[in-house]
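Look at the sequence and the model below.

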Amino acid sequence: MASRNVLLIFKSSIMYKPVIYKLAKDFDLVFNILEAKILPRREGRILLELRGEETAIDEGIRFLEECQVGVERLADKVWREDEKCTHCGACTGLCPTGALNLMRPDMKVVFEVDKCVACGMCGLVCPFGAMKDIKLFDPFAEGRTAV
Ligand code: SF4
Ligand code: SF4
């Protein structure tokens, strides 16, 4: 089963229409709302984890886009600057989703971007600025799309 974290952006014209439930009903996808913010009559933003078959996730996203929902993949917005990472492990204990893991026996910290929910915690503790773009990423910043 594949997993993908996406940011959904609902304009005022679509934000009260029941489209998300169709992901489960029509595409057999499991979804988990990680965070949500509604600005009444202006915009709604939902950070969603989608799980299911890879093709079903693609079809579900296509359906959302056809419904005029903006869909941005978090993996396209957050990343680690690998050349700056010393694999010190400081970020691994704080990551709430297990996106950063110290792998044995080679003691390298692996970043699984599809598990990342852009909370910014790793950016706050990384002593080498390897995750600095994540720290700046705020999917819920008013009046702008994701960085
Ligand atoms: S921003 Fe950093 S700490 Fe937060 S989920 Fe992503 S990798 Fe983990
Ligand atoms: S805190 Fe920074 S340098 Fe240390 S493992 Fe995490 S990303 Fe790499």
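Val6 has Arg73 in strand 4 as its bridge partner. Strand 1 (residues 2-11) and strand 4 pair in the antiparallel sense over four bridges; two strands pair if DSSP finds at least two bridges between them. Strands here are DSSP runs (E, at least two residues) and helices are runs of H or I with at least four, numbered from the N terminus. The model is predicted: local features need pLDDT of at least 70 and side-chain atom pairs count only at pLDDT 80 or more, while totals for chains, interfaces and linings use all residues. Residues are numbered from 1 along each chain as its sequence is written, chains are lettered from A and ligands numbered from 1 in the order written, and side-chain values use heavy atoms, without hydrogens and water.

The open sheet has four strands in the order 2-3-1-4, with antiparallel pairing. Strand 2 and strand 4 (70-73) are at the edges with a single partner strand each, so one side of each has no neighbour in the sheet.

Arg41 sits in the loop between strand 2 (30-39) and strand 3 (43-52).

Among the 13 residues around ligand 2 (a heavy atom within 4 Å), Cys85, Cys88, Gly89, Cys91 and Cys126 come nearest.

The mean pLDDT of the protein chain (the predictor's confidence in each residue, from 0 to 100) is 86. Confidence is lowest in helix 4 (residues 132-136), with a mean of 53, and highest in helix 2 (residues 54-66), at 97.
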